[in-house]
Amino acid sequence: MHFRNDSEHHQQLVEELLQIFRQSGFRILGADGVPGVPRTKRLHNDGYGDQQDKAPDLYAYDEKSGRYVIGEAKTGSGDFETEHALTQYNVFLDQFDSKTGAQALFYIIVPSSQAVEFNTLITHYIHRDYWQSIILVSSKT
């Protein structure tokens, strides 16, 4: 039996979410660690948490809704509530299209066994005005 380390598990989640993005018809602009896809760019931090710009695991554009789409994978192995993660959530939810003003959609994929825990965390931590822009994906793997 093969036990995944956190970075392998994280990469599997990124690739699973990438497939969901492709099936949804999103134009993929960047992905972390996926051969043949450019790396994602760091997104501007307007003063949250550790003050550092953050690069999401996936970055795409949805022609249908006219919104950018940000994807992030979390393994649930102590990576939900770190200062880095909490800053990521704020930075990614603070992205707006400069032309249309549309807020980016924020997809987060977590192991199915961690979905309830993550949902509880995010609804306590993130202001309810942002909830409609968050799509929680429960991993199938």
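Tutor: A salt bridge here is a side-chain nitrogen of Lys or Arg within 4 Å of a carboxyl oxygen of Asp or Glu. The model is predicted, so local features need pLDDT of at least 70 and side-chain atom pairs count only at pLDDT 80 or more, while totals for chains, interfaces and linings use all residues. Residues are numbered from 1 along each chain as its sequence is written, and side-chain values use heavy atoms, with hydrogens and water left out.

Student: How many salt bridges does that rule give?

Tutor: The count is four salt bridges. One of them joins Arg-27 to Glu-63, with 3.1 Å between the closest N and O atoms.

Student: Which parts of the chain does the pair Arg-27 and Glu-63 tie together?

Tutor: Arg-27 is in strand S1 (residues 27–31) and Glu-63 is in the loop between strand S2 (58–62) and strand S3 (67–73), so the pair links parts 36 residues apart in sequence. Helices (H or I, at least four residues) and strands (E, at least two) are DSSP runs, numbered from the N terminus.

Student: What about Asp-50 and Lys-54?

Tutor: Their side chains form a salt bridge at 2.8 Å, N to O. Asp-50 is partly exposed at 23%, whereas Lys-54 is buried at 5% relative accessibility.

Student: And what do Glu-72 and Lys-74 form?

Tutor: A salt bridge, with the closest N and O atoms 3.6 Å apart. Both Glu-72 and Lys-74 are buried.

Student: Switching to strands. How many residues of S4 are buried?

Tutor: Six of the six residues in S4 (residues 105–110) are buried. Leu-105, Tyr-107 and Ile-109 point one way from S4, and Phe-106, Ile-108 and Val-110 point the other way.

Student: Which way does S3 run against S4, parallel or antiparallel?

Tutor: Parallel, joined by five bridges; two strands pair if DSSP finds at least two bridges between them. Gly-71 is opposite Tyr-107 in S4.

Student: What sits on the other pairing, S4 with S5?

Tutor: S4 and S5 (residues 134–138) also pair in the parallel sense, over five bridges. Val-110 has Ser-138 in S5 as its bridge partner. The chain goes from S4 through helix H3 (residues 115–125) to S5 in a right-handed β-α-β crossover. Right-handed means that, with the strands pointing away from the viewer, the path from the first strand over the helix to the second runs clockwise.

Student: What do S3, H2 and S4 make?

Tutor: A right-handed β-α-β unit, with H2 covering residues 83–93.

Notes: Buried < 20%, exposed > 50% of the residue type's maximum accessible area, 1.4 Å probe, protein only.
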